[in-house]
Structure formats: C-alpha cells, structure tokens
Amino acid sequence: MGRSRRTIPEELLLLALDPATGTTAQPQSLDLGLAGAQLVELALAGRIAPDGDRIAVVHPRPTGDPTLDTALELLRRRGSPVRAVHWIGGPRLGLRQTYLTHLERCGMVHAVAGQMCGVLPTTRYQATDTTISREIRARLDSAIRTGVPPDPRTAALAALAHAVGLGKHLYPGNEGRSSRSRLRDLIRHDPMGGLVAHAVMDVQNGVAAQPRRAPAASAPQGNGGSGRRTAAVRAPAEAATAHHGGVMARAGAS
C-alpha cells in the first residue's frame with residue numbers, strides 16, 4: 001500500500017486531535033474507533049470481507065503498512081471469521097499511542113514535551129500541517145452540506161466519527177445539532193463502515209460479550225403469559241471500554 005493516500009485510522013486520529021491543545025477528543029472510545037478503522041481499511045484493500053456480523057480474511061498478503069499488517073496477521077491467526085464486536089472490543093491497549101507514534105514517524109505530527117502539575121512528564125502532539133486536517137474536515141462538511149452520497153472512504157470515516165462521539169467535537173452546541181444528525185445518517189452509505197461503526201457502539205454499550213439473540217416470542221394469551229419480552233440489561237459504556245482505552249504510555253496523549 002503506497003503512502004500517496006492516508007489511511008482511515010490516520011484520518012480519524014487527525015480529526016480527533018485538537019490543534020490548540022495537542023490532545024485527542026474522546027480518548028477511550030477513540031481506541032475502539034481506530035480498531036474499527038483498521039478493519040475498514042483492510043476491507044478497502046481487499047484483505048478482509050464481512051461475513052454476516054463477522055470478519056473473514058480473504059487475502060492474507062501484507063499491505064505494506066505495518067500497523068495494518070499487524071492487525072491482518074492477528075485476524076489470520078484466528079483461523080475462522082471473528083465477530084466484529086469481539087475484535088473491536090479485544091484487549092489491545094495503546095492503539096492511539098501506536099498511531100500517534102506512526103503519524104510522528106510519517107511527519108504528520110510532532111511531539112511536544114511538557115509537564116503536568118509541574119511534575120509529571122507529558123507529551124502533546126501538534127499537527128505539522130493543519131491543511132491536512134482541514135482537507136479531511138472539508139470532505140465531511142461537504143457530504144453533510146450537499147447530501148450527495150460520499151465515496152466509501154468518507155462514508156466510513158463519517159460513520160466512525162459518529163460512533164466514537166466526535167460529532168460533538170466537530171459540530172458543537174445547539175447550532176451543530178443538525179450537522180451531527182446528518183453525520184450520523186452518513187453511516188448508511190458504506191456497508192462495511194456501518195457494520196464496524198455499529199460494532200463500536202455495541203462495545204461502548206456493553207454488549208460485546210453478549211451474543212445477539214433472536215427476538216423472544218410472546219407468551220400465548222390466556223395461558224398465564226404476559227406476552228412481554230425480557231429486556232437485556234446493558235452495562236455502562238465505561239465498563240466496556242476501560243480495558244481497551246487504557247492509560248496511555250505518554251500521559252499527554254490522552
């Protein structure tokens with residue numbers, strides 16, 4: 001895979017990076033989104049394909065991108081298709097830091113050392129060229145404003161941005177409400193992006209470990225049955241993501 005085009009994980013992280021503070025928005029859910037973005041990028045590269053709600057490796061040849069190839073090899077070692085929600089919710093700590101280091105190596109960000117409370121060392125990340133982030137944002141803005149179906153990459157990026165909660169970061173306040181709604185609606189324009197985005201949201205809602213069940217049939221009337229279905233209790237999103245978001249190796253990267 002050549003470097004003439006940025007990958008979706010790179011673009012998602014650049015969208016989340018605050019140019020003023022050098023920190024990332026939605027740090028815990030962003031790790032989940034980056035794992036999902038890897039799946040979308042591998043699918044666009046023809047290495048994996050959806051199989052229902054599972055992900056199957058269809059071509060194990062490396063892409064040439066070390067971060068993507070690590071994910072591809074882990075998927076290959078599974079030996080059988082894996083549910084997207086289980087993959088995204090897996091305990092892979094520090095994915096944000098991996099990609100921040102990757103972006104620094106590629107020259108898209110640079111690290112700025114500092115201290116927290118005058119004692120703890122921190123590292124902030126500043127974009128070396130803000131035009132890249134503006135171009136990514138402009139693609140989303142155009143898709144939201146015009147209503148024209150976006151290309152698969154932009155649709156997947158929009159779906160993931162919504163899934164990890166970047167909508168309120170990109171389009172804040174009451175004035176951004178309609179844009180956030182349209183950002184959410186873009187999820188329907190890319191099947192793989194939609195599958196992955198819904199898996200990200202499922203993990204945050206605490207359903208990663210629960211198999212999907214068919215709707216329960218209503219009890220027969222007149223036979224003592226109430227006809228009501230039992231609702232599954234979902235754990236808070238924090239409990240599902242705490243093991244995945246983790247504490248960054250560098251405190252300032254959060």
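Colleague: What share of the contacts in the protein chain with a separation of 6 or more comes from residues 24 or more positions apart?
Modeller: This is a predicted model. Contacts with a separation of 6 or more are the ones counted here. Residues 24 or more positions apart account for 70%.

Colleague: How many helices and strands are there in the protein chain?
Modeller: The chain has 254 residues. Its secondary structure comes to 11 helices and five strands.

Colleague: What percentage of the residues count as buried?
Modeller: The accessible surface of the chain is about 12700 Å², and 54% of that surface belongs to carbon and sulfur atoms. Of the 254 residues, the share that counts as buried is 45%.

Colleague: Which element gives the most to the largest nonpolar core?
Modeller: The largest nonpolar core has 60 residues, and Leu12, Leu39, Ile88 and Leu166 have the most contacts inside it. The elements that give two or more residues to this core are α1, α2, α3, α4, α5, α6, α7 and α10. With eight residues, the element that gives the most is α2.

Colleague: What is the strand order in the open sheet of three strands?
Modeller: β1 (residues 48-51) and β2 (residues 54-57) pair antiparallel over four bridges. Two bridges then join β2 to β3 (residues 82-83), also in the antiparallel sense. The edge strands, each pairing on one side only, are β1 and β3. The order is β1-β2-β3.

Colleague: Which residue in the turn between β1 and β2 has a positive phi?
Modeller: β1 and β2 form a hairpin, with two residues between them. Asp51 stands opposite Arg54 in β2. In the turn, phi is about 70° at Gly52.

Colleague: In β3, which residue is the bridge partner of Ile55?
Modeller: Ile55 lies in β2, where it is the bridge partner of Pro50. β2 is also joined to β3 by two bridges. In β3, the partner of Ile55 is Val82.

Colleague: How far from Asp69 is the nearest side chain of opposite charge?
Modeller: Asp69 lies in helix α3. Asp69 touches Pro62, Thr63 and Gly64, not counting residues up to four places away in sequence. Asp69 is buried, yet has no salt bridge. A salt bridge needs the nitrogen and the carboxyl oxygen within 4 Å. The nearest side chain of opposite charge is Arg47, at 6.2 Å.

Colleague: Is Gln26 buried or partly exposed?
Modeller: Gln26 sits in the loop between α1 (8-16) and α2 (27-44). Its relative accessibility is 26%. Buried means under 20%, and exposed means over 50%. Gln26 therefore counts as partly exposed.

Colleague: What is the phi of Gln26?
Modeller: Most residues other than glycine have a negative phi. Gln26 is a residue other than glycine, yet its phi is positive. The value is near 50°.

Colleague: Which residue that follows α5 has a positive phi?
Modeller: Within α5, the buried residues include Leu95, Tyr99, Leu100 and Leu103. Arg96, Gln97 and His102 are also buried in α5. After the helix, phi is near 80° at Gly107.

Colleague: Is Ser179 buried or exposed?
Modeller: Ser179 lies in helix α9 (residues 177-185). Leaving aside neighbours within four places in sequence, Ser179 is in contact with Ile144 and Tyr171. Its relative accessibility is 15%. The cut-off is under 20%, so Ser179 counts as buried.

Colleague: What distance separates the C-alpha atoms of Thr123 and Gly22?
Modeller: Thr123 lies in strand β5 (residues 120-127). Thr123 is buried, with a relative accessible area of 14%. Along the chain, Thr123 and Gly22 are 101 residues apart. Their C-alpha atoms are separated by 8.6 Å.

How values were computed. Residues numbered from 1 in each chain as written. Heavy atoms only, no water. Buried < 20%, exposed > 50% of the residue type's maximum accessible area, 1.4 Å probe, protein only. Core = buried A, V, L, I, M, F, W, Y, C linked by side-chain atoms within 4.5 Å. Lys, Arg positive; Asp, Glu negative; His and termini not counted. Contact = heavy atoms within 4.5 Å. Areas by Shrake-Rupley, 256 points an atom, 1.4 Å probe, with all protein chains shown as cover. Pairing = 2+ DSSP bridges.
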